[in-house]
Amino acid sequence: DPTFGEEILGKGVAIQPADGKIYAPADGTIEMLFDTKHAVSMTTTEGVELLVHIGLDTVALKGEHFTAHKGNGDAVKKGDLLISVDLEAVKAAGYDVITPMVVCNTSDYQTVEAVTGSDVNPGDTVLILKK
C-alpha cells in the first residue's frame, strides 16, 4: 500500500494480527475512532501521535466485522482492548488484514525504529523512538 509503504503518514511498523484483537500500544488518549472502526488514532502520554489501521482498504467495509471497545476521548492503558475484528470475514471479503501502526508526528523524532521478526503479544515493544 503506497500510503504506508512510502511513509506518507509517517514511519511505523506493520503487524499481521493473529486473533483479531487490537490492543492499545501505549498509555494515552483515543483522539479519533473512525466511524468505520477500521482505524484509531491516539496520542500517548509522551506525545506520540499513533495511527493503527486494521487491514488495507478496509474502510470500504463500512464497519462490518469490526467492534470498538473504546471511543473518542477515552483514556487507555497499554494493553487495553481497542477493537475486535473478525479476521476471517475480512479476508473472505477480499482484504489484507496486515495492520500498520504509524507515528504520525515522525518529524518530532530523530529515529523511529521498528522491532521486527518475531511474534508480538499485547504489551510488547514494537517501536523505539528517539527524540
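This is a predicted model: local features need pLDDT of at least 70, side-chain atom pairs count only at pLDDT 80 or more; totals for chains, interfaces and linings use all residues.
A salt bridge is a pairing in which a side-chain nitrogen of Lys or Arg lies within 4 Å of a carboxyl oxygen of Asp or Glu. E88 is exposed, because its relative accessible area of 55% is over the 50% cut-off. K91, at 42%, is partly exposed.

The structure holds 2 salt bridges. The side chains of D27 and K77 also meet in a salt bridge, with an N to O distance of 4.0 Å. This pair links distant parts of the chain, 50 residues apart: D27 lies in the loop between β2 (21-23) and β3 (28-33), and K77 in the loop between β7 (75-76) and β8 (81-85). D27 is partly exposed at 28% relative accessible area, whereas K77 counts as exposed at 54%. Side chains of opposite charge can pair when their charged atoms come close.

Attention now turns to the nonpolar residues. In soluble globular proteins, nonpolar side chains tend to be buried together. The largest nonpolar core here has 26 residues, and the members touching the most others are V40, F66, L82, I83, M101, V103 and L127. At least two residues of this core come from each of β3, β4 (39-44), β5 (49-53), β8, α2 and β9 (99-103). Strand β8 supplies the largest share, 3 residues.

Technical notes
Residues are numbered from 1 along each chain as its sequence is written. Side-chain values use heavy atoms; hydrogens and water are left out. Helices (H or I, at least four residues) and strands (E, at least two) are DSSP runs, numbered from the N terminus. Buried means under 20% relative accessible area, exposed over 50%, partly exposed in between (1.4 Å probe, protein chains only). A nonpolar core is a set of buried Ala, Val, Leu, Ile, Met, Phe, Trp, Tyr and Cys residues joined through side-chain atoms within 4.5 Å.
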